[in-house]
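Colleague: Before I use these labels in my own notes, I would like each one set against its criterion. Could you take me through them one at a time?

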Amino acid sequence: MNDMGPVQTIGVPTPLVDGPEKVTGRAMFAADYCVADSLVGRILRSPVAHAKVKKVDVSKAREIPGVKAVLTGEDCNQTFGVLPIAQNEYPLAKYRVRYRGEPIAAVAAVDVATAQKALDAITFEYEELPAYFTAEEARAEDAIDLHEERPGNIERDVHYDLGDVEDGFAKADLVMEEEYQCAEIAQVQSEPHATYAEYDTQRDKLTVWPSTQVPFYVHLMLERTLEMEKSRIRVIKPQLGGGFGCRTETLNVELICAMLARAAGGRVGLVVSREETFITHRGRPETAVKMKIGMRADGKLLAAQSECVQRGGGYSGYGIVTILYAGSMLYGIYDIEAIKFDGYRVLTNMPPPGAMRGHGTVNMRFAFEDLMDRMATKLGLDPFAVRRANLLKAPTFTFNDLMVNSYGLDECLDWVEEASGWKDRKGKLPPGKGLGMACSHYVSGASKPKHWTGEPHATVNLKVDFDGSVTLLTGAAEIGQGSSTMATQCVAEVLGVDMGRVHTISSDSAITPKDNGSYSSRVTYMVGNAAVDAANNLKNVLTEAAARKLEVPPDQVECLGEVYRAGTQDEGLTFDEVVMEALRDTGTITVKGTFTTLPESQGGKKYRGAAIGGTMAFSYAAQVVEVTVDPDTAEISVDKVWVAHDCGKALNPLSVEGQVQGSVWMGMGQAMTEGTRYHDGLGITGNMLDYRVPTIVESPPIEVKIVEAEDPHGPFGAKEAGEGSLSGFLPALTAAVADAIGVRAADLPLTPDVLLKLMEDKARADKKAAAQDSAEVA
């Protein structure tokens with residue numbers, strides 16, 4: 001009998017439980033469900049960016065042999081959207097199109113050739129309207145409203161003025177301001193958007209396999225747009241080839257596929273192209289930031305003021321939340337009270353952006369950290385000293401009422417400073433080489449869900465039957481971040497058993513409990529806590545069963561994982577024997593665990609929308625970036641990155657390290673190469689050659705330090721690990737470039753052509769200044 005004690009899984013580097021399926025090709029993605037007799041779905045898209053829909057003539061398309069369904073906006077009675085207060089998009093355009101590439105018709109046919117022939121037979125009559133491709137154009141006085149309920153094309157404006165900002169500026173030894181411009185970027189996940197749907201005509205039931213991060217939202221929007229009882233809908237999330245936020249909201253692809261399946265009375269697979277995936281990107285919006293900071297001579301922050309203008313698209317999407325995050329997350333990382341913020345999310349005739357990794361915070365953090373670094377240079381202060389002068393002390397609440405119970409930024413700073421050799425190397429590197437640093441933070445899930453129902457934030461069910469296995473049922477979407485592994489670890493750790501005894505099933509609405517989805521780094525904190533709760537409830541059931549069998553009170557039973565015993569001299573019962581006793585008279589054991597956020601974590605009420613940003617815990621990160629800049633070509637090479645991330649207790653250090661490295665890598669892409677480009681609303685970077693993400697050739701060594709400032713309410717002390725390190729790379733890079741060649745960039749991406757112009761401008765300015773000095777001497 002095993003008497004070795006409970007098996008430890010928490011804190012142990014652990015391969016992901018779904019890894020074997022992925023590396024062997026057995027994993028099933030949405031497109032893999034398209035069987036031989038499935039119909040092929042295709043979408044016809046608008047050739048213009050803004051127009052009234054006069055007629056979409058599909059009569060000829062419907063006559064083509066092999067075409068089983070043709071749909072237009074006339075078949076769409078209900079709008080959809082991720083936010084209940086901003087559902088203004090039809091699956092297929094109705095009345096108006098508001099961006100180039102918006103779906104206007106869809107077909108299902110027996111094969112690709114027939115589907116394309118049907119699309120070619122459709123005619124689109126429209127009355128073109130003025131189109132606005134920038135936030136400035138859309139906000140002009142003579143601009144027409146894209147939506148009648150959004151006057152001035154303002155999707156959402158946010159304003160707060162907390163503390164005495166003017167007094168802070170007056171008392172500051174240095175006040176500086178700068179304007180920043182960040183390009184729109186896309187996630188470029190490996191898997192194009194895809195959905196497979198099957199409609200049972202006899203039972204009037206629909207089953208959908210969407211490439212989504214939030215099956216719950218898809219379920220709600222299917223119910224709404226198809227006007228179908230949700231009890232007749234089943235949503236099964238297949239494996240996902242990346243998400244990074246673009247799939248947190250329901251996409252038109254998923255709804256159109258389901259509509260086609262019902263119209264055709266069968267099975268439809270809809271896999272869109274890479275270009276179409278770029279059109280439906282839901283990435284990070286183009287953002288203009290004005291930042292002003294007042295600082296004391298010792299580096300203490302006294303006040304900040306910022307204006308943020310985000311270029312949204314033709315529809316709301318996540319826009320309201322994105323601009324709210326931009327303002328609220330100025331707090332939560334440093335000890336500062338006085339901040340004034342004005343934010344504007346503007347509707348334009350562009351594909352709608354969404355909630356990309358680091359949602360709402362990245363561009364604002366870039367501006368704030370970059371300006372702090374400029375001010376440190378101006379005051380002759382070390383950037384590390386400036387950050388240390390503004391550290392929070394947990395537990396605390398920020399001035400906008402964000403709860404902070406754990407804070408490891410100080411330890412993050414200490415490690416990256418020492419590991420990078422900052423004190424010995426800063427300012428002493430060869431010409432063209434430089435070091436830069438910055439800090440960042442992120443939420444561990446939103447404490448107030450988008451669809452408030454009064455239910456727990458997370459629910460996990462556990463089932464145990466005669467075979468002694470523990471089946472973990474969770475609605476949490478495994479999207480490659482390791483959520484299924486995390487939940488398995490939590491249950492195995494509480495029970496003290498090997499992970500092999502736990503079998504996890506996720507994201508099938510007919511089997512698993514509902515979950516709010518994989519977004520804003522909520523799963524580890526919320527689903528992890530629910531898994532711990534469920535495992536403790538199961539452990540109590542097993543302990544009581546063991547007590548009955550051993551004829552002792554439950555409090556005398558010792559759980560050693562695979563053995564339950566009453567005292568050290570007792571041989572005890574095996575786990576399987578305890579299970580069989582627990583099954584006696586009751587049959588299959590089913591227990592539930594839940595998690596609900598604390599009310600005090602749900603944000604404040606000092607301004608409209610202040611709840612956004614409220615979270616149970618923040619992660620913190622600091623990083624140092626080392627670069628080499630070619631003086632002739634202005635090409636930047638990132639030589640190395642040192643990053644320390646405070647994730648609380650690292651449940652799976654192997655997964656945490658990968659998540660942190662991925663965050664830094666995505667930050668590198670945004671900082672150096674990435675940016676969508678359009679011509680009159682037509683995307684011209686809609687492929688993986690013209691849209692430039694870093695390759696392994698450009699990817700530097702990324703040395704990760706896991707800092708464990710455990711959170712008192714997190715599962716085993718854990719908190720966020722997958723987003724908080726991203727935004728710090730951007731300002732660390734610009735600081736490193738400034739250290740290398742004396743040129744500071746305020747616009748991203750910092751491509752060689754942009755940097756070369758800055759270098760040339762500096763050379764001319766230096767030459768002019770030298771000439772003036774010479775003239776004065778003469």
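**Labels and their criteria**

Modeller: Lys606 lies over the face of Phe399, at 4.2 Å from the ring centre, and Lys292 is placed likewise over the face of Phe169, at 4.5 Å. This is a predicted model, in which local features need pLDDT of at least 70 and side-chain atom pairs 80 or more, whereas totals for chains, interfaces and linings use all residues. Residues are numbered from 1 along each chain as its sequence is written, and side-chain values use heavy atoms, with hydrogens and water left out.

Colleague: What makes the aromatic pair of Tyr33 and Tyr196 stacked?

Modeller: The structure holds 19 aromatic pairs. Tyr33 and Tyr196 are 6.5 Å apart centre to centre, with 20° between the planes. Rings of Phe, Tyr and Trp (its six-membered ring) pair if their centres lie within 6.5 Å, and planes under 30 degrees apart count as stacked, over 60 as edge-to-face and the rest as tilted; the 20° therefore makes this pair stacked. The pair links distant parts of the chain, 163 residues apart, with Tyr33 in the loop between helix H1 and strand S1 and Tyr196 in strand S9. Helices (H or I, at least four residues) and strands (E, at least two) are DSSP runs, numbered from the N terminus.

Colleague: Why does Tyr196 count as buried, and what is Tyr33 by that criterion?

Modeller: Buried means under 20% relative accessible area, exposed over 50%, and partly exposed in between (1.4 Å probe, protein chains only). Tyr196, at 3%, is therefore buried, while Tyr33, at 22%, is partly exposed.

Colleague: What makes the reach of helix H17 close to what is expected?

Modeller: The expected span is 1.5 Å times one less than the number of residues. For the 20 residues of H17 (653–672) this gives 28 Å, and the helix reaches 28 Å from its first C-alpha to its last. H17 is mostly covered, with 14 of its 20 residues buried.

Colleague: What do you know about Tyr95 and Phe244 in terms of accessibility?

Modeller: Tyr95, at 54% relative accessibility, counts as exposed, whereas Phe244, at 31%, is partly exposed. Tyr95 has a positive phi of about 75° although it is not a glycine, and Phe244 has one of about 55°. Tyr95 is in the loop between strand S3 and strand S4, and Phe244 in the loop between strand S11 and helix H7.

Colleague: Which peptide bonds are cis?

Modeller: The bond joining Ala394 and Pro395 is cis, with omega about 0°, as is the bond from Leu748 to Pro749, with omega near 10°.

Notes:
A charge sits over a ring if NZ of Lys or CZ of Arg is within 6 Å of the ring centre and within 35 degrees of the ring normal.
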